[in-house]
Amino acid sequence: MLRTCDAVGACLAVPRFPWVPEALARGNTLRKPACVHWTGDQLTWLHRQRERGTRIVGVELAENAVRLADLRPARGTTVAVLGHERTGIPPEALDLLDEVVEIPMVGTGTTLNVAVAGSLVLYKLAGLV
């Protein structure tokens, strides 16, 4: 996700879990320092973003989700929320979303790898696809 964020001109916001700094360092092939925001408690961080007027888009299978093809590009500060590959976005975070986007799938799987799903959504939000 770090490289995708760089590719579309976005920053990566991540919680400070013990394994995250090592994972970022291992996957970082960028020539310049990456734009990374450490969120601390994710729900508190999302609340603050919402109070600032940030558009919050969740990537989730949901009844009210828009298809990826219909997602409007970002015209201001936007946060894309990605959940766990198995459990999705936690229920307590769903109420903080302004909209939900789903990625249509025709195969037998129900979800994509988080990095793949996030990359598709970021490119769409950036208006690059």
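**A charged network and the strands around it**

In this predicted model, Glu-99 and Arg-55 form a salt bridge in which the closest N and O atoms are 2.5 Å apart. Glu-99 belongs to strand β6 and Arg-55 to strand β3 (residues 55-59), so the pair ties together parts of the chain that are 44 residues apart in sequence.

Taken together, Arg-55, Arg-72 and Glu-99 are linked in a network of salt bridges. In general terms, side chains of opposite charge can pair when their charged atoms come close.

The count of salt bridges comes to three, and one of them joins the side chains of Asp-98 and Arg-50 at 2.9 Å, N to O. This pair, too, links distant parts of the chain, for Asp-98 lies in the loop between α4 (91-94) and β6 (99-102), whereas Arg-50 lies in helix α3 (residues 42-51), 48 residues apart. Asp-98 counts as partly exposed because its relative accessible area is 43%, and Arg-50 is likewise partly exposed, at 35% relative accessibility.

Returning to strand β3, where Arg-55 lies, one finds that five of its five residues are buried. On which faces is β3 covered? Both are, with Arg-55, Val-57 and Val-59 buried on one side and Ile-56 and Gly-58 buried on the other.

The pairing of β3 with other strands can be followed from one of its residues. β3 pairs with β5 in the parallel sense over five bridges, and within that pairing Gly-58 stands opposite Val-81. β3 also pairs with β6 in the parallel sense, over three bridges, and there the bridge partner of Gly-58 is Val-100.

**The helix at residues 114-125 and its cover**

Helix α5 (residues 114-125) has twelve residues and reaches 16 Å from its first C-alpha to its last, close to the 16 Å expected at 1.5 Å a residue. At the start of α5, a side-chain oxygen of Asn-113 reaches to within 2.7 Å of the backbone nitrogen of Ala-115, and the helix is followed by Gly-127, whose phi is positive, near 75 degrees.

The buried residues of α5 are Ala-117, Gly-118, Ser-119, Val-121, Leu-122, Lys-124 and Leu-125, and what covers them includes α1, β3, β5 and β6. Thr-4, which has its place in helix α1 (residues 2-8), gives a view from the α1 side: leaving aside its neighbours within four places in sequence, Thr-4 is in contact with Ser-119, Leu-122 and Tyr-123. Thr-4 counts as buried because its relative accessibility is 13%.

**The cysteines**

The structure holds one disulfide, which joins Cys-11 to Cys-35 with 1.9 Å from S to S and is right-handed, with 80 degrees about the S-S bond. The link connects distant parts of the chain, as Cys-11 is in the loop between α1 and β1 (12-14) and Cys-35 is in the loop between α2 (20-27) and β2 (36-38), 24 residues apart. Cys-11 counts as partly exposed, at 39% relative accessibility, and Cys-35 is partly exposed as well, with a relative accessible area of 32%. Cys-5, by contrast, is in no disulfide, and the nearest cysteine sulfur, that of Cys-11, is 7.6 Å away. Cys-5 is buried, because its relative accessible area is 4%.

Note on methods
Residues are numbered from 1 along each chain as its sequence is written. This is a predicted model: local features need pLDDT of at least 70, side-chain atom pairs count only at pLDDT 80 or more; totals for chains, interfaces and linings use all residues. Side-chain values use heavy atoms; hydrogens and water are left out. Helices (H or I, at least four residues) and strands (E, at least two) are DSSP runs, numbered from the N terminus. Buried means under 20% relative accessible area, exposed over 50%, partly exposed in between (1.4 Å probe, protein chains only). Contact means heavy atoms within 4.5 Å. A salt bridge is a side-chain nitrogen of Lys or Arg within 4 Å of a carboxyl oxygen of Asp or Glu. The expected span of a helix is 1.5 Å times one less than its number of residues. A polar contact is a pair of N or O atoms within 3.5 Å; within protein, one must be able to donate a hydrogen and the other to accept it, and residues adjacent in sequence count only if both atoms are side-chain atoms. Two strands pair if DSSP finds at least two bridges between them. A disulfide is a pair of cysteine sulfur atoms within 2.5 Å.
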